[in-house]
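Please read it alongside the sequence and the structure shown here.

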Amino acid sequence: MTIKVFGHKSPDTDSTGSPIIWAWYLSEVKGTPAKPVLLGEPNTEAAFVLKRWDLAKPEIIADVAAGDTCVVVDTNNPAELPASINDANVVQIIDHHLLAGGLKTKGPIDITIRPLACTATIMHDLMGDDAAKMPDSIKSAMLSCILSDTLEFRSPTTTPHDRAVAEALAGQLGISIPDYAAELFAAKSDVSAFSDAELLRMDSKEYTVEGVDLRVSVLETTSPKMVLDRKDSLMASMTDVAKEDGADQVLLFVVDIIREEATLLVPNETVKKIAEASFGCTVSGDTVVLPGIMSRKKQIIPALKM
């Protein structure tokens, strides 16, 4: 039985690269057949990483079956996983998010959840001395995941260990971190080919605050104007996206990687109320700038309230 390794829906670079990394480790080092799969199309940055390092795009799956053996990475939240995840045989979880609850397994499993900025950093540690066996393509995937999740060490989730692992990998590969990060962020920022609905779902998480179901979306970019120029149509699309996805509201944070701030779109009074209660700001229009806000995991989700 080949193990399926996958991350969350709407896969970003970490949820695209980490399945590739861990499937390589299981198959090539541990001798356990495994393959990476995705739960949707990778975002533009993740697609760039696959092409840049000649990594095969994993198969995209819609669900899992009762007979599937699975490893879940970069999430432990059932809302971000296949509908039938509790019917499958999940044997391992590797993650760096809060413990969400709701997963049911067939028996005791191997769980690693650590307060680091990136799943790939945890994988590097779990490999131990075997990390030296990684081919350049896998090292490059790992470096890409870390630089993406830490926003080149700008994110408040970054730890000294994430940085040390990334710098070691870059040294081994002969890569300039600033130059490569610029390539990553340029790819991340080019969203011109995506519809409004696709942008709202591209990097989003489901979250409930005081009984209100939210789709919390983040777009990290070095060109926020490209997104904000579309704010009217994006806000108009939020109603349909919320209805189709079973949410009450869609929150879209446009994170400016260079200025280290987020702009929240404010389409209605409910979002205005959430913004003012959560971030101590005063909203006077259809957007509000939140200085220093970079991380959904550490700064946005924990702050949300009505």
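Leu 99, Ile 111 and Ile 113 make a nonpolar surface patch of about 290 Å². The model is predicted, so local features need pLDDT of at least 70 and side-chain atom pairs count only at pLDDT 80 or more, while totals for chains, interfaces and linings use all residues. Residues are numbered from 1 along each chain as its sequence is written, and side-chain values use heavy atoms, with hydrogens and water left out.

**Surface patch**

- A patch is built from residues with over 30% relative accessible area and no salt bridge, where like charges are joined within 9 Å and nonpolar side chains (Val, Leu, Ile, Met, Phe, Trp, Tyr) within 5 Å; the accessible areas come from the Shrake-Rupley method with a 1.4 Å probe, and for residues only the protein chains shown count as cover.
- Leu 99 belongs to the loop between strand 5 (89-95) and strand 6 (110-113), where helices (H or I, at least four residues) and strands (E, at least two) are DSSP runs numbered from the N terminus.
- Leu 99 counts as exposed because its relative accessibility is 66%; buried means under 20% relative accessible area, exposed over 50%, and partly exposed in between (1.4 Å probe, protein chains only).

**Salt bridges**

- The structure holds 21 salt bridges, each defined as a side-chain nitrogen of Lys or Arg within 4 Å of a carboxyl oxygen of Asp or Glu.
- One of them joins the side chains of Lys 57 and Glu 41 at 2.7 Å, N to O. Because Lys 57 lies in the loop between helix 2 (44-52) and strand 3 (59-60), and Glu 41 in the loop between strand 2 (34-38) and helix 2, this pair ties together parts that are 16 residues apart in sequence.
- Lys 57 is partly exposed at 44% relative accessibility, whereas Glu 41 is exposed, with a relative accessible area of 53%.
- Arg 114 and Asp 125 also meet through their side chains in a salt bridge, at 4.0 Å from N to O. This pair links distant parts of the chain, 11 residues apart, with Arg 114 in the loop between strand 6 and helix 3 (119-127) and Asp 125 in helix 3.
- Arg 114 is partly exposed, with a relative accessible area of 33%, and Asp 125 is partly exposed at 27% relative accessibility.
- Asp 229 and Lys 225 form a salt bridge of 2.8 Å, N to O, and both of these residues are exposed.
- A network of salt bridges links Arg 201, Glu 206, Arg 215, Glu 244 and Asp 245.

**Positive phi angles**

- Most residues other than glycine have a negative phi.
- Glu 152, although not a glycine, has a positive phi of about 55°; Glu 152 is placed in the loop between helix 4 (136-150) and helix 5 (160-173), and at 18% relative accessibility Glu 152 counts as buried.
- Glu 260 has a positive phi near 55°; Glu 260 is found in the loop between strand 9 (249-256) and strand 10 (261-265), and at 36% relative accessibility Glu 260 counts as partly exposed.

**Aromatic rings**

- The count comes to 4 aromatic pairs, where rings of Phe, Tyr and Trp (its six-membered ring) pair if their centres lie within 6.5 Å, and planes under 30 degrees apart count as stacked, over 60 as edge-to-face and the rest as tilted.
- The rings of Trp 22 and Tyr 25 are tilted, because their planes stand at 40°, with the centres 4.7 Å apart. Trp 22 and Tyr 25 are 3 residues apart in helix 1 (residues 13-29), separated by about one helical turn, and both are buried.
- Phe 253 and Phe 279 form an edge-to-face pair, 5.9 Å centre to centre with 75° between the planes. Since Phe 253 lies in strand 9 and Phe 279 in helix 10 (residues 269-279), the pair ties together parts that are 26 residues apart in sequence.
- Phe 253 is buried at 0% relative accessibility, and Phe 279 is buried with a relative accessible area of 19%.
- Phe 48, Trp 53 and Tyr 180 are linked by ring pairs into a cluster.

**Cysteines**

- The structure holds 0 disulfides, a disulfide being a pair of cysteine sulfur atoms within 2.5 Å.
- Cys 145 is in no disulfide, and the nearest cysteine sulfur, that of Cys 118, is 5.1 Å away.
- Cys 145 is buried, with a relative accessible area of 0%, and Cys 281 counts as buried at 15% relative accessibility.
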